[in-house]
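Work through the exercises below with the sequence and the structure at hand, and compare each of your steps with the solution that follows it.

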Amino acid sequence: MPTLVGVFDAPGPVRTLADKIKGRSLGELEIYSPSPFPEPDAAIDKKPSRVRLFTLIGGLTGVTFGYWMQIWMANDWPLVIGGKPFTSVVPYTIIGFEMTILLGGLLTVLGLFVVGRLPRFRLDKGYSPRFSGEEIGLAVTCRDRDVAEVEALMRDSEAKEVTLVDA
Amino acid sequence: MTPPPAEAVAARLASAPVASDSKINRDILSVLDGASLKYWGLLGLVVLGVAQAVATLAYQTYIGMGVAGYSHPIFWGVYIVCFVFWVGIAHAGTLISAILYLFRAKWRNAINRGAEAMTVFAVVTAALFPLIHIGRIWKFYFMIPYPNQRGLWVNFKSPLLWDLFAINTYMTISIVFFYVGLIPDIAIARDRSSGWRKVLYTILSLGWQGTSRQWKAHNRTVLHLSGLATPLVLSVHSVVSWDFAVSIVPGWHATIFAPYFVAGAIFSGFAMVLTLLIPVRRIFGLEEYITDYHFENMSRFILLTSTIVGYAYGAEYFIAWYSGVEAERTSFFMRALGPYWISTWIMITCNAVFPQLLWFKKLRTNLPFLFVLAFLINLGMWFERYVIIITGLSREHDPAVWGTYTPSLAEMSILVGSFCWFSMFFLIFLKIFPVVAIYEVKELAIHENAHGGAH
Amino acid sequence: MSELDRRDFLKLVGASAGAAAAVGCSDPVEKLIPYVVQPEEITPGIPVIYASTCRECPAGCGLHVRTREGRPVKLEGNPEHPVNQGTLCARGQSGIGRTYHPDRFAGPMRRGPGGELEPLAWDEALSLLAEKIQANPSGTYVLGGDVGPTAGSVVDRFVTATGAGGRVVYDPFAPEALRESTRALFGQARVPRFDLSDADLVVDFGSDFLDVGPAPTEHARQLAQARDVHNENGGVRLVHVGPRLSMTASNADEWIPAKPGSEGLVALAAAHVALRERGGDASALRSLGHVTPADAAARAGVDAATIERLGRALAAAKRPVALPPGVAGWSRRAVASAAAVLLLNHALGAVGRDVHLEREPAGRARASHREALRLVEAMNSGAVSVLIVHDADPLYSLPAASGFGKALEKVDFVVSTASMVDETAARADLILPDHTPLESWGDAEPRVGVRSLLQPTIRPLFDTRALADTLLDTGRAMGLGGQLPSGSFRTLLEQAWSGSDFRNALARGGEFRPQASGSAPVPSASAMLQVAEPMLEGEGDFALVAYPHSLLYDGRGANLPWLQEIPDPVTKVAWQSWVEVSQATADKMGLKAGDVLAVETSAGRVEVPVLPRGGIRDDVVAIAIGQGHSRGHYASLAGDGQPGETRGVSVLALLPSVTDESGGRAFLTARARVTKTGGFQRLPLLQSTDNKRKRMLGEALPLAVVKGEGHGDGHAGGHHGADLGPVYANEHAPIEAYDATADSHEDSPYRWGMSIDLDKCTGCSACVAACYLENNIPVVGEEGSVRARQMSWIRIERFVGEGYIEYVDAPERGRRPQPSNEVLGKTDVRNSPMLCQQCGAAPCEPVCPPIATYHNPEGLNGMIYNRCIGTRYCSNNCPYKVRRFNYFDYSQFNWPGLFNLMLNPDVTVRGQGVMEKCTFCVQRINAARQGAKDEGRPIGDGEVVTACQQACPSHAIGFGNLKDSGSAVSKLGDDKRGYHALHSLNTRSAITYLAKVTRDVES
């Protein structure tokens, strides 16, 4: 299927355009932007990112493992140290906390990779270096017969130019 | 026969030439290209500095810690001082990128990349010192709780072990944070480079192309990492401070240590950011991005933290007096008037007195002044740790074995080496990665344009 | 180019892997060498103990030589021996080093044409000596120390047989003046023996009996016994009369800082007062001239009231004893001073009661300084062609002014039998090395009724020969076999002991008969001695006091590493010489510790760093005898027996060659001029201040409080030191009682604990030496000591008074002391041994990341060297600062020569970079445990004796099981003087210190 790529200067029009195309379900949408733009991104999907789930799991695992490790190891070979109890929860809190942060952080990044589909080994056809400049790209993959309509829509909403890739 | 529309359209649509690239990209990426002779000279110099320190370390490991200046009962010296110093430096970066991010302090965008880099390199430097310091460096792994045939674990009650975990967590998280922030910028560099850089950036950018899904995940990740890093950055120097506060050494055993150390860390961190960014901005002409406004804000932070640190100094003396414990009082009097009075007064003037000049707006934006001040603060903060560690140990509970300590040549060599080690990383960083977070600057810029357009 | 196919590749990989593995396990292969025929008395791992005799000083203490697998590893006191009764001083213990010393001669040597020593065979050497003697028999002299009755007789036989010029017995510290005074007073020459065990007042007129004395271990024990606080009126009072606060003075209850050499005057005046008080015949005193208290006071530089008080106290005392001046006080008037003190004793009825005038043992050789000087004359006149020097280092220890060094050049052939290099041996033409005492047979008779044996405890390590055998063989080589006893020295020894059961004597270390207390002779008024000032030579504002270093003795200790390493008990200086001046003098001259002074007398000039003290008269400077050797691995800076820079200076170079009335040797002979050179030398000062700042260390209590009068009363006998809060004057009052027995595993029957009685501790440092030798502790030398890097597991802290809290410190770098807390004429010195307290709540444990230190089930604070990575956090967190760090790999270079043979196989030698500390001699605990286990019983009280406890001459240290309520240490723990060091830190220490008791000398 052909992909039309419209090049825009401002996020605003992209948003409206994206909504139109979605509304008329003309095809698959993808937005390329040099920096994050909430509005058009919202057009793609409105749900909050699932990354937060990873963070939660990581944090919980971290704190449990952290405490467990210390308590288990201290009792595995119990040695009296400074006349203190083997299971001294208060000092163990520190490493418990550090483990929370560590695993939480690492799983968050894992989340980024999973949710953001990274790493990927081939760039989209629709992608162009200009989108890491200052322009925003809206790529629409649609059926042949809709190409003209999509193009028209793009033109109407101040697309600087429109290109057809992968005809 | 009429051609199908697609072809018709395709025929009409000539792919247009790429519009001129954005100015931001050009300005910031220009830092990366072409290293001058001066640059190579400087790099060579610091590499030499690292080499001599490595030689010293080898010698010390072979001969024994006796080559350092230790003398009973002062068993912690310059190495631990440097450790605390560098950990402290490492705090500004995360503070700027995490805490200010949560506070939506947009001005951070221009400086956070440099600050984060500094953080990473400072932690990497700090992490070396506990190893350099221990008597049997070849047995350092005894500190790590790994299953071993001796069936022996480690002592989780020891502040040094807390350190081990805190520092390594902090190092991991700051590196991750640093890298996550870099991905979009690496992608930018990828699209505009060739040769080995192209290869390097292609690999490191992980195929980033700024799709809305990626941006969404990215934002969320940065948000969460900031959320995690914020308590972390506050905890790390607290833990380091507990190395001292948990002991029973007069002058160390104080509840104020955690906040006192954290404030000091941020204080010294910002000073180090200034020390690095002022020359960088000047040499690479980034005035448009790193503006006086940024420096003024950082000056405000320095002023605030300096005041906190100054207060802590006062509080320490007050409590020593108020506690009525003779050992405590003695320890603190000896600090100010004993063998180490010079160090003590350097610390007080550099950290608590000079920065107060920042009450004047003129000075807050006067870069030469800030540069000098930043240097003094770094000096003062190094001496703060020196004073705390050495004077504490030199005047303890048993007056019969009060001692004095003088750093040895070996320690000086490794001290110098640590600064070279740090600078080496930073110099390399300057030429490999954008020193300013491009996409974040753009975010600001483009938004302004957009709103501008709306009006 | 050949293809590398898969098989070859795999082979290569395998090979390299194998190689890697091989390299990996590169530990040296060690073999266990079994005894082919195992000596029945040796069981590997079980020490064999031989009884022998100490030769480090004339006291003649009995030894128990602990040997392991045929090697002496430690010297301890022989419990059966009447002199030391099982204890041993630092010098005696360090004597073991002579056997393994790197400076030992490997065999006979002769001076070659080039002047360097070259080895030769014994028979060659002996025939060489023989012909030299034959050339001029009458020109042959034997000069040397006391070698015991049997060997001595052999020497005499040799001298007579060869028709040699004579034998001169030489001992720098021989008590000739004392012997002479007895002759003058009582008609017969005796060497009085002073027994302090039952005295209630001891006045020490400068004998310094705890420093070097006639028998320091014995006197320390007796003092401790007399000082027991449970004795009636709370134990003996000790008064010291002398110019400086010596170790003995530090232990006194009162110090009368009289001018040096004026002790006789004070004694005489006191005697007059005493006689006046208690009534008695003063006629005897007249023979020494009449001295009124006022007169004496004026001449001695003290006030008359003091002397009056002293006299009255003596009169009031039930069993007073007065001791005559020691080495430092021997002046031109030494005999008179000694006589005065003896008369005082007589007037008080002490003679015959606690002062025993026994006849000297028959075999006891009398050293005579006059003889030595005559020999020097003879040498100068060229009459001496062969000089055989044995068991002495006259070139060092004779005053330089005597001209012995020059005279030696005139001697054609100098022979030395020294077993290791010293000044004299270095000048010898022929060296016929003797065995060391641990390799030798021999005997000694320190006093009547005490016959003590030496027996070999190891086969001679080198090609050496006993002095007696050397002489016998030489004689035989000269064809004088007929006139000499036949057989070897060993057989002669057995003959000499034929009268008694030799085997039994070997087992017990000698033959000890109850000592016949001497009769009390009547003084004959014939003696005409003038008690007067010392008459010092030369100009200068200061009297020069040359006193024997309590560890180096007459300098013979200087080449033993431990005696150099252990700081001087009074000044805490190690490895160096220093000149003591008063604080006032220092302030006047603007001197700080370490400033180099030039000390000049009529006889010579030395430059030596200064150490200002409060505890010395303003008109006195003092330098210790013992340093300033130019030879010796440890004694000199050159080391390895090569000539070189001296370590420190020898005060003997400053002394004119002067004798007392009897021709005995005088040391208090010169006035000194002192000038600043502007130089500075950092002294190895091992204690930074003697001001304890009122902290809970080295506590002391007034007798009244201990006796239960005054506050602190109503002792519940509860927990250690618990209720003593109000008693102690310092601000660190105990916080709460705790039960140390709770600090070991509930299933364990033991909680090891220690008690240290500061009232008995004299600071002599015998425990420190014992610890060094028991636990293989390395010595760090002068450079290390300057940087306070000493490794000792136990140290003696010397505090003066409660101290004062002074917040401002002199802003100086370097380990310089705060001004001394000592005050002239005051003595409130607390010697407090500091070692690992084996805390129940040890601060060192929680901070160690790899659990290298932990609390073991028996309550010990275990240190696991293998696990230690050297973070040194434990030391930071130890309030007692008893943990040491291995700065270097001492195991590699710290035991030169054969010292490694001497290491205690039961104790690990620590490697580079680890911490170490006192273990409560855990190896001894385990040894006891094995014994008890074999008999299926728990370890009993007193079965475990730690090295420090074992050595302590005054039995100040107790060790045992705190869980056994019957054990001595638990009982002592409940003593009302008990306290814990730095109690307020709540470390739950296992060591209970018993506070020193301060007593007033009532009159």
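A residue is called buried under 20% relative accessible area, exposed over 50% and partly exposed in between, with a 1.4 Å probe and protein chains only. The model is a predicted one, in which local features need pLDDT of at least 70, side-chain atom pairs count only at pLDDT 80 or more, and totals for chains, interfaces and linings use all residues. Residues are numbered from 1 along each chain as its sequence is written, chains are lettered from A in the order in which they are written, and side-chain values use heavy atoms, without hydrogens and water.

**Exercise 1.** Determine what share of the residues in chain A is buried, and describe the form of this chain.

Solution. Buried residues account for 53% of the 167 residues in chain A. Along the sequence, chain A runs β-α-β-α-α-α-β-α-β. Its radius of gyration (taken over C-alpha atoms) is 25 Å, well over the 15 Å given by the globule rule (2.2 Å times the number of residues to the power 0.38), so chain A is more spread out than a compact globule. Along the principal axes, the C-alpha atoms of chain A fill a box of roughly 80 × 30 × 30 Å.

**Exercise 2.** Carry out the corresponding analysis for chain C.

Solution. For 1003 residues a compact globule would have a radius of gyration near 30 Å, and the 29 Å of chain C agrees with this. The box filled by the C-alpha atoms of chain C is roughly 105 × 80 × 65 Å along the principal axes, and 65% of the residues in chain C are buried.

**Exercise 3.** Classify B:Arg213 as buried, partly exposed or exposed.

Solution. B:Arg213 counts as partly exposed because its relative accessibility is 32%.

Definitions and conventions. Helices (H or I, at least four residues) and strands (E, at least two) are DSSP runs, numbered from the N terminus.
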